[in-house]
Amino acid sequence: MRYIYSLILTLFSFTLYAQQPETITGRVELGDGRFVIESFTAHLVGDSLYVEMGDLKLMDGNSPTTYRFAVPAVFAVPVKTQTRRRVDPTEYAGQMKVTVRELSEQDDELFMDIEVRMHGDVMNRRLSYLLIPELIAGDSTATGAGLLVNGWGKDQLYRRMMKFGYSSVVDDLPEMKIAVTNYTDTLVRYTMRLPYEPWMDEATLDIHQVVGSPARKEQLYTLASAGRVQLQPRIPYEVKPQVNFILPEREDKRRNMQGQAFLDFAVGRSVIVPTFRRNPEELAKIEAAIRKVQSDPDVQITGLFIEGYASPEGSYASNERLAAERAQALSNYISQHYGVPAGIIRTSSVAEDWDGLRVLVEESDLVRKAEVLAVIDSDDAPDRKEARLKAMGYPWTAMTGGMFPQLRRVEYQIDFSVKDYSLEESRTLDTRNPEMLSQRELFLLAQSYEQGSPEWENLFETIIRQYPDVPVAIINYAAVLLSRRELTSAKRYLDRVADNPAAANNLGVFHLLTGDLETAEQYIRRAAETGSPEAAHNLSELEAKRDDNIRMQRYNR
């Protein structure tokens with residue numbers, strides 16, 4: 001103890017000697033250097049000298065031992081001086097300082113970080129402080145759970161009341177409670193989170209202090225205030241809408257194969273001679289097409305349509321008869337040689353193919369082409385057109401040798417039905433022969449792959465190629481384009497089915513992605529009325545985007 005008394009007398013003398021400065025710092029050695037105060041600070045406040053010590057060393061032989069105070073040790077000693085000076089309250093050793101370190105929005109929560117510093121004997125053992133944070137913006141307020149600071153005597157009383165369950169204590173517990181010993185510096189970090197609400201954008205924070213006396217009287221002070229909430233930097237909300245796909249209906253799979261053959265006939269004749277001129281090659285093409293269908297066990301030929309064409313040379317009546325007879329001749333030949341029942345073969349004929357002639361002339365560099373086209377397009381009877389063209393001389397000769405042989409032909413169409421395939425069977429036909437699959441089979445096959453995968457996308461590309469005018473195929477392909485955010489292309493397809501109720505959700509998704517929320521809501525609500533789960537999700541996304549727009553407007557103010 002004599003070291004402590006010597007320290008106090010030494011510091012007292014330093015203070016009296018200094019007179020002008022109210023704070024001194026230094027190093028003190030006592031007892032021939034055996035007791036060393038490495039650092040200290042002395043405050044002369046009113047009639048008292050407050051000494052705050054740092055590290056303390058005790059010399060034991062040649063091995064000094066250092067004691068470092070966890071919190072600075074503070075001594076208060078009455079001092080009598082000849083002069084009095086006005087003391088700045090902020091220099092008072094017993095001050096309580098409250099600092100709002102942070103007031104910010106974080107992930108839809110309001111975050112408060114408050115620091116409370118209590119120096120020296122700010123806390124009487126019989127006192128208690130309740131610090132209450134209050135967020136205020138106009139008529140809106142939010143009060144957080146408080147921080148209760150008790151002197152050690154008050155804390156003992158508080159604990160006894162808690163033990164016996166006094167309702168005034170139990171029903172109104174603060175979020176954080178600490179007990180402070182007199183003459184002890186204390187630092188408290190107090191954090192709190194509240195659900196964030198829009199009005200908090202304009203709010204300020206007040207820290208109120210409720211002081212409780214031994215006589216249970218309370219006084220209310222406001223210790224600190226903070227400015228407006230620091231808003232979290234905003235990235236516009238990116239909606240994640242869900243498109244819907246429609247399962248196509250089952251269909252009676254009817255397919256056809258088309259081709260044409262340029263058979264040669266003797267002048268004025270309609271009998272097919274297999275060895276005549278180009279006939280071997282042309283008949284081989286027809287046979288190959290029929291055999292291909294006949295050899296497939298999954299299909300059955302349901303019909304064969306043959307249409308014969310003649311060129312404009314000769315009288316119209318003669319050509320009409322020849323075209324019909326030549327079509328029938330091919331029908332008979334196919335029935336006899338390729339095993340196709342005559343009962344499923346139908347024939348038709350075009351006496352003079354003026355439409356075909358016009359295409360050939362248009363694509364050529366024929367002399368006097370404009371005059372020739374004018375004759376073809378005229379309302380003259382076929383024989384009159386022929387006479388006018390013959391009168392032109394060279395153009396007629398050029399057409400006779402270069403164009404008319406291309407007009408003398410037969411066109412055929414093989415109609416057949418295809419069986420239904422299982423998913424595994426469909427997978428084998430996917431790339432080899434996709435046209436044999438129905439839209440439904442292609443759709444189910446696509447759904448067996450992960451959405452967005454190359455296989456998934458390729459199958460929907462196949463569907464729209466094979467069913468370019470079918471509404472279900474259009475709606476589903478638009479959904480693929482929307483999922484890839486190809487909005488311009490998606491719009492072209494959606495415009496074709498705008499009146500189709502099944503397209504409502506995807507139309508809503510398009511407008512949602514382009515930012516037209518009002519139009520999007522009209523379509524999505526229409527889809528939601530049908531019980532669409534995608535539409536229900538999209539309504540939530542719509543509201544989230546609206547809320548985000550409001551937030552962005554506030555943030556950008």
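Student: How many helices and strands make up the secondary structure of the protein?

Tutor: The secondary structure comes to 18 helices and 17 strands. Helices are DSSP runs of H or I with at least four residues, strands are runs of E with at least two, and both are numbered from the N terminus. This is a predicted model, in which local features need pLDDT of at least 70 and side-chain atom pairs count only at pLDDT 80 or more, while totals for chains, interfaces and linings use all residues. Residues are numbered from 1 along each chain as its sequence is written, and side-chain values use heavy atoms, with hydrogens and water left out.

Student: What makes Arg101 and Asp113 a salt bridge?

Tutor: A salt bridge needs a side-chain nitrogen of Lys or Arg within 4 Å of a carboxyl oxygen of Asp or Glu. The closest N and O atoms of Arg101 and Asp113 are 3.6 Å apart, so the pair meets the definition. Arg101 lies in strand β5 (residues 96-106) and Asp113 in strand β6 (residues 109-118), so the bridge ties together parts that are 12 residues apart in sequence. The structure holds 29 salt bridges.

Student: Why is Asp113 called buried?

Tutor: Buried means under 20% relative accessible area, exposed over 50%, and partly exposed in between (1.4 Å probe, protein chains only). Asp113 has 7% relative accessibility, so Asp113 counts as buried.

Student: Is Asp469 buried or exposed, and how do you know?

Tutor: At 62% relative accessibility, Asp469 counts as exposed. Asp469 forms a salt bridge with Arg496, the closest N and O atoms being 3.3 Å apart. Asp469 lies in the loop between α13 (454-466) and α14 (471-483) and Arg496 in helix α15, so this pair ties together parts 27 residues apart in sequence. Arg496, at 44%, counts as partly exposed.

Student: Which residues of α15 and α16 meet?

Tutor: Leu487, Lys491 and Leu494 in α15 meet Asn506, Leu507, Phe510 and Leu513 in α16, where contact means heavy atoms within 4.5 Å. The residues of this contact divide into 5 nonpolar, 1 polar and 1 charged. Lys counts as charged, Leu and Phe as nonpolar.
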